[in-house]
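Work through these exercises with the sequence and the 3D view side by side. Try each task before you read its solution.

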Amino acid sequence: MTDDLAARTAAFIATHVLPIEDRHDGDIEAAGGDELRVRLQDGARAAGVFAPQAPVDCGGLGLGMVARATVFEEAGYSLFGPLATGIAAPDEGNIHLLDAVATERQRAQYLQPLARGEVRSAFAMTEPAPGAGSDPAALSTRANKVDGGWIINGRKWFITGADGAAFFITMARSSGEPGQAGGATMFLMPVHAEGLEVVRHVGTVDKSMIGGHCEVTFTDVFVPDADVLGGVDEGFRYAQVRLGPARMTHVMRWTGAARRAHEVAVRHVAGREAFGARLADQGMIQQMIADNEIDLAATRALLTVACEELDQGGRASASTSIAKTFAAEALHRVADRATQMCGGLGVSTELPVARIARELRPFRIYDGPSEVHRWSLAKRAIRRIAGDPQ
């Protein structure tokens, strides 16, 4: 079933999505924003390729992590493909989180409309300094208990998809002080909640993420107890339910985009002559092609290891960090080599290579910068090998 779904997804992307992306140089707002999203998702439903990861009771196919990989890669072949097929961040990660944690009422009110593509969502955790960023324990947005619920105050930014989202999953500190472990709670907030304001778009290099990356403020926002997601003070634990799988689905999608850049470059050098021979016959070009093949294959292999652990119910903290860090850098190398192979065309809008490189670069930062993952992996290795309790 997965192979057939991947093939049908590839056909849908090639026919219905790539031409739109190419026409608008990967700029989702210029291409039509939410109006385009609705139209593309209707087409994906008709083709039977919409929301393959969503739970079956919400109309999805319920694919596990390993089964998703090839399907998500085919969708990611276009920068607009994940949005079209209902697997784009942050909605895909929020669907996974809600499926694992939400109450029955929360599933009906939030998960089902999201999984069906009727609405979009946002995940609000990152804050301006000195708040939560690479160090989640710095969380400073405050949740104070009141009769019947909570009052939330704080400021977030780089909140992907915030403009146009129907609801937010917001991380706020319900106990302790910034810098202390624990004490975070997740809250579900409809966008019309009084005191919630999407202030502005933070300008970034990428253009394919619908709803932008926004600054959001919370001023005395009341959240009823029924909209606490999971347990009070358990937010960091539930964040791990979301973050590990979400990192891997990012890898899946970006592998598709990097593969497209590579294939475009290989076709270019196979047809371009210089210095009396095809570029594809030059040793330096062949080395770049081979290195791209190696980076793509190694990315898929590390991804499979992490996804198998996740499917078996493990936290996969180390394996997802390894796969995410390697992939973010390897796929960037693939796009960069593709740019170099295409020469002037590689930095133009004549080919998709430049925009793929542009969109890929932030992946080395979001979902944990490479340096933070390396720090975490090193600490684990020291504990495991040297027996250091620190």
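**Exercise 1. Which domains does the domain assignment of the protein chain give?**

Start with the ground rules. This is a predicted model, where local features need pLDDT of at least 70, side-chain atom pairs count only at pLDDT 80 or more, and totals for chains, interfaces and linings use all residues. Residues are numbered from 1 along each chain as its sequence is written, and side-chain values use heavy atoms, with hydrogens and water left out.

Step 1. Read the bounds, which come from an automatic or database domain assignment. They give domain 1 (1–88), domain 2 (121–232) and domain 3 (236–386).

Step 2. Take domain 1 and domain 2. Their C-alpha centres lie 28 Å apart.

**Exercise 2. Describe the interface of domain 1 and domain 2**.

Step 1. Find the area. Buried area is the accessible area (1.4 Å probe) that two parts lose on being put together, summed over both. Here it is about 530 Å², with 61% on carbon and sulfur atoms.

Step 2. Find the residues of domain 1 that lose the most area to domain 2. They are Ile-28, Glu-29 and Asp-34, together 49% of what that side buries.

Step 3. Name the elements. Helices are DSSP runs of H or I with at least four residues, strands are runs of E with at least two, and both are numbered from the N terminus. Helix H2 (28–31) and helix H3 (33–47) each give two or more residues to the side of domain 1 that touches domain 2. H3 gives the most, with three residues.

**Exercise 3. Is Ala-316 buried or exposed?**

Step 1. Locate Ala-316. It is in the loop between helix H9 (283–311) and helix H10 (317–342).

Step 2. For Ala-316 phi is near 55 degrees, a positive value in a residue other than glycine.

Step 3. Apply the cut-offs: buried is under 20% relative accessible area, exposed over 50%, partly exposed in between (1.4 Å probe, protein chains only). Ala-316 has 2% relative accessibility, so it counts as buried.
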